[in-house]
Every structure is written in structure tokens, then in C-alpha cells.
Amino acid sequence: METTKVEVLALGISREAVEGLSDALAEPYWMRDRRLRSWEVYERTPMPTTQDEEWRRTDLRKLKLDSFRLLTEAPGTYEPEGSSDHRSGFAQVVDGYVTQLELDPSVAEQGVIFSTLTEAAKNRPELVQKYLGTLVPDEYGKFAALANALSSGLFLYVPTNVQVELPIQVSHTITRGGAAVFPRTLIVGERFASATLIERYYSEDFEEDSLSVGTVEVFAGESTQLRYVNIQEWCRNVWHFLAERHSVGRDAQENNLNIALGAKQAKANVDAVLVGPGASCEMLGLFFPDRDQHYDHHTLQDHAAPNCFSDLLYKGVLRDTSRSVFSGLINVHPGAQKTDAYQTNRNLLLSDSARADSIPNLEIQANDVRCSHGASVGPIDTEQLFYLMARGLSRTEAERMIVDGFFEPLVNRIPLEGVRERLVEAIDRKMS
Amino acid sequence: MEKSLIIRDLHVNVEDKEILKGLSLELEKGKVHAVMGPNGSGKSTLSYALAGHPNYEVTGGEVLFNGQDVLEMGADERAQLGIFLAFQYPMSIPGVSMANFLRTAVNSVRKARDEKPMRVPDFRKMLNEKMSVLKMDRSFAGRYLNEGFSGGEKKRAEILQMAMLEPKVAILDETDSGLDIDALRIVSEGVNALRNPDTSVLIITHYQRILNYVKPDYVHVLVDGRIVTSGGPELALELEEKGYDWVREQFAVPA
Ligand SMILES: Nc1ncnc2c1ncn2[C@@H]1O[C@H](COP(=O)(O)OP(=O)(O)O)[C@@H](O)[C@H]1O
Ligand SMILES: [Mg+2]
């Protein structure tokens, strides 16, 4: 598999960078045109402020967009992670460059495409044009427009009736401060297909701030089963933005899981649009900020068709002076009768200085629906803590046990053993 | 007789109100002591204070465990020394399985004694043995700690924890209340199984009933924050017959 190598780019976030990127990727002209149009939208869209409802609790004034550069080259290839026998495919993206990309040949033979978006735009323009940017258009917001102008990334396509048994893994990393990356993943499952993609953002520590503006678009076609996992483990100097949107078709089943453990400030929008009758979507989220980390999750369960089911569970534990915001909307369109939609957000505060806001919302425009939402924010129960300590557990062990127990019903719902194990380890690290 | 726990003139406040007003009690090794008292007399306050609950403020007196002052110790240290409280109202901890919890607890206590963590197969074996004594189904081990347990199940689970932790001083706070006769018998067997020359058992109860199954060596009567009288097993029967008002009159405690 050939990987694309961008020639020279050390530009700040600018129109020149958009053109330079497009040239370097040697993209078809229509891609370049799209980027430039997105850039214009980006330029004329004002930066969100805390006056905007969605950004009320997340302040961007310290974000200096002109301090970031798109990097000129990837610093060598990273060792692939994990063993390759438990996955169908793997891609590694370093500082915005796809440095490695592989797909099990037996999977490729069935017509599955796993390639860079650039390559897909060249080889399968009709597919890319049909889907790219339709779930996350420029109008979605300033950062979406920026990503549409500057993103590059991966395309996974699973044809009708093809089941990809083992997960495909994507690993993104940033190697230094001052970098700007715009990772993008487009996933299309046609009818009666199935696949799992596990995407991880990860970086070692660096001094200066970096920026990641990610975009994920997932299309589950009729009766297709897709599972998408996003694990955010950036170092503490990354400004993280993510627009992750899922379109779930007739009788399709989509499961998404978002795990937030890293970054400095993270703003993630996770939306599911149930577009076909009988669609079903499970949305799980787990977040654990500490020190001065700030996470803002905004979710949408958009019921646009009747007889759909969506079940959201986001759980967060907060330490130190960290901060989290969860705001979730269940939106039931007129005519989306027999909607079944649930939304739960629970937050556990490990310190008096941590703060979690939970803002559930319902907008129901149909009359025959079942919807519920629940939210809670609270400290560790001192009686539970005493009970465990009275059995010989130290305070730390007792807190860890309560936190593990708090996350357990969620972790239990993750059928991917590798993800589960990694998560348990990460929670342990956060607790120590 | 060798003492395990010595409580001298203990004063305990709860939310700035004095509940224990100079309570003294000495537990002997290998013996079963019963503390009987009416509701509100301070039985649970005594249990919590001994276990080290942070909201139970000790304002005077001392508690020595094998000569060591325990009042400065946290609840975890006390448990590690071998002080165990079977709670009157055990907490449920969602998401934490009984087995996982017990293994952590057992190993915490072992660690404090400089012992190696228990090997998983050894732990399993021990757990299964103790559960069968208490007639608990094996599935119990996989259930979340006290979550959705019936009253009787919770009490049995407390005794199971006690059996696993093999304490030196076991305090049972109204473990008998709310148990039907079969459950009471099973729980009592669990307590009797723990009896050994090295362990003191303190059964705190409102009723004499459990003492038919776990024979006490000593009975103490707690009224209004003090031990007002002590005696042999016959005292429990007398109390059952004459009621707590009789004690109040006898010992001139204002009701
Ligand atoms: N956590 C608490 N908060 C407020 N009052 C308490 C608390 N615990 C005990 N008390 C009070 O202390 C007194 C003794 O209670 P307790 O020790 O529970 O008695 P017993 O267990 O003998 O029934 C009661 O008057 C009770 O209301
Ligand atoms: Mg009580």
C-alpha cells in the first residue's frame, strides 16, 4: 500500500495552507474547490464565544489559532501497535500524514476499501462525493468548516453483504508542540454489511500547545451493523475538537463509543441521525478529566424516522480542578412516531474543586414516543467510602473501587476486549 | 483473662450531640460479649466509633486494641489490625462484584500484615468454603456488592466478609434484626465458626433471640450512652423478661 507524502508545508492556518495541502496531496480539482469553499465559510464564520449557547461553558479565548503549523513531514514511521492478528486493518497517521496503511487481503478481496481519502477521491470519486462532508457540512460550525478545508484522512467502505469480522484500527499521533492536525475518517457501510473501526488519538508529552480538529462521518446503510470507537488520549497540551456524526439507516444498528482521557481542552460533538425506520443506535461515552483538563461533550439523538431506538449513556469521573460539560439533546421530528430514546449522563466528582455540568434536553414533535433522560452530578458517597475502608481498603483503593464500579456498567457494554483492557488500565493510571 | 479491646470512658458526639457518655467495656480474647440496649441507646454509635467512622467524633476516653491506641487510626488501619464491623445497614456499591471486593479487602489486610497477596485459586477455594457454610449460592460472588440484596442476604454477606477477613475483634451491629429463623440460624453458625481462642466477638442486639444460637460469655446492658450493668448469659433472659424500663429504674437512668 502506497502512502501519500505531502511535500512541503510549514504554513499556518491560512488559504495558502489549504492550496498547499491540496497541491501536495495531488488531489482532483473538485476536492480543491471544496476545500476553498469551506475555507471561505470558515473565514466568514465568527469564532464561537461564550455568548453562543453551545459554547457557553467552553471558553476559546486562550486558543491562538495562528500559533499552529501544518507540519512539513512525518518524523519516521511509528511501530505498529498491538498484534496484527486481532484486526482486519490498520492505519497510522503521524502529524497528519498517513504513514502506514494495511488491510487484510482476504477482506480487500471482498471489495472492502480502506485507503486514504485522497486515493478514494481519485479512484472512487462518486462514493466520496456522495458522502464526504454531507454529515459534517461547513454550516455545522466554524471548526467543521476549518476541518473541511484542511482535513485529510481515511476512507473505509464496506460493500453490501460483506462482514468484516475483526476491527480495523486507526492510530493518530502528534509528535510535537505547535502542530495543527485535521484527522478525518469517513466510514460507509452499504446494506447488510458489518464492520468495527477503533480510532485512537494519542501523543507523548510535548511543551507547546498543538491543535487537533477531527471529523468523523459514519454511514450505516440499511440493515448494516457498524461499531465505532474513538479513544482520545492526547497529551495535556492539545486543543481537541471533534465533530463525529453517525447516520443510521433503515433497520441498521450502530454503536458508538467515545472515550476522553487526554487533551487540554476538548470539545466533542457526537451526533446520531436516525434516518431510516427501525434504525437503532447505542451511544456510549466515558470521560475522566483531571488537573485542569476541560471536556465539553455535546450529543444529539436526532430521530428523523419512525420506530427508531437510541440509547445514550455518558459517564464521567472528574478529579482535581477539572471541568466537564455534557449537553445532550433528543430531537424527535414530526412523524417519528414510536420513537424510543433514552439519555443518561452521570458524573462523579472526586474533588471539591472539580465541576461537572449536565444539561439534558428533549425536543419532541411527535405524540407517540417513549423518551427519558436522567442526569446526576455528585461526589463520592462518604458512607460507601467508609464501608470499603472498614474492610481494610485504603482511601485510594476504596475510591478506585468506587470509580471502577461507577464505570463498570458502561465498560460491560463494550464487547471489544482490547478496548476494555486498555480502558481499565487508563482509568487506573488516572486514579494513581 | 487476656483482653483484646479495652474501651475506657468513651465519649462520642454525633453532630455535636453527645451520644456515648462515658462508655467502658473490656473484651476478652476468645469470648463472646453481647451488648444489649433499647433503640437509640447508642449501639450503632459505639460500633461506628470503634470502626472509625469520621462523623463520630470521640471527645474523650480511650480505645486500646492489644494495648495499641486505635482512636488516632483511620478506618482502614483499624480493619487491617483486625477490627471488623458487620454493619446494621450495609452499603451497596454498584458495579463492584462481591468477589472482586473481597479479594481486594483480603489482600489489603494481608498486605498490612506483610503477607503476600492470596493466590486466585486459594482465594476462590476459601470463598467457596465460606459461602457454603453460610448456604450462599456461588452466584453471589459475581453479584454487585449488596446491590439489590434482600435484608437477609445483606446480613449473610456481612458475615461472609467477616469469615473471609478472619478478624480479631468482630463487632456485629444488630446482625440478627430482620432475619427469619432459618437465616438467623445460618448466620449464627457463621459466627460460631469464627469463634477461636484469639478472637473476641461483640454481638450488639436489641433482642435476646440471637443469643440462643450464639451463646454469650458476658452480657452488657447499654442505656443512654453507658454500660449500666454487666453479667452472665442469664442477664439477657432477665432483660427479655423485664424489659428495658426495668433496667432504667434499677440503674436510675432518666428515660
Ligand atoms: N448519623 C447520625 N446523625 C444524627 N444523629 C444520629 C446519627 N447516628 C446516631 N444518631 C443519634 O444518636 C442516638 C443513638 O443512635 P444509635 O447509636 O443509632 O442507637 P442504636 O443503634 O442503639 O439504636 C440516636 O438519638 C440517634 O438519633
Ligand atoms: Mg443501631
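The area buried between chain B and chain A is about 2000 Å² in this predicted model. Carbon and sulfur atoms give 65% of that area. The contact joins 34 residues of chain B to 20 residues of chain A.

Polar links also cross between the two chains. The count is 12 residue pairs in polar contact, with both residues at pLDDT 80 or more. One salt bridge is found between chain B and chain A. It pairs A:Arg391 with B:Glu158. The closest N and O atoms of this pair are 2.6 Å apart.

Several elements of chain B build the side that touches chain A. At least two residues each come from helix 1 (43–51), helix 2 (75–81), helix 3 (98–112) and helix 5 (151–165) of chain B. Strand 6 (83–86), strand 7 (93–97) and strand 8 (144–145) of chain B each supply at least two residues as well. Helix 3 of chain B gives the most, with six residues. By class, this side of chain B holds 21 nonpolar, 11 polar and two charged residues.

A further interface lies within chain A. This chain is divided into domain 1 (15–287) and domain 2 (381–432). The C-alpha centres of the two domains of chain A lie 30 Å apart. In domain 1 of chain A, 17 residues are in contact with 14 residues of domain 2 of chain A. The area buried between these domains is about 1300 Å², and carbon and sulfur atoms give 72% of it. On the domain 1 side, A:Leu261, A:Leu284 and A:Leu286 lose the most area to domain 2 of chain A. Together these three leucines account for 38% of what that side buries.

Two salt bridges cross the interface of domain 1 and domain 2 of chain A. A:Glu233 forms a salt bridge with A:Arg429, and their closest N and O atoms are 3.7 Å apart.

Strand 8 (194–202), strand 10 (225–233), strand 12 (253–260) and strand 14 (280–287) of chain A each give two or more residues. The largest share, five residues, comes from strand 14 of chain A. The domain 1 side has 10 nonpolar, two polar and five charged residues.

Terms used:
Residues numbered from 1 in each chain as written. Chains lettered and ligands numbered in written order. Predicted model: local features only at pLDDT ≥ 70, side-chain atom pairs only at ≥ 80, totals over all residues. Heavy atoms only, no water. Contact = heavy atoms within 4.5 Å. Buried area = accessible area lost by both parts, 1.4 Å probe. Salt bridge = Lys/Arg side-chain N within 4 Å of Asp/Glu carboxyl O. Polar contact = N/O pair within 3.5 Å; in protein donor to acceptor, adjacent residues only side chain to side chain. Helix = DSSP H or I, 4+ residues; strand = E, 2+ residues; numbered from the N terminus. Nonpolar A, V, L, I, M, F, W, Y, C, P; charged D, E, K, R; others polar. Domains from an automatic or database assignment.
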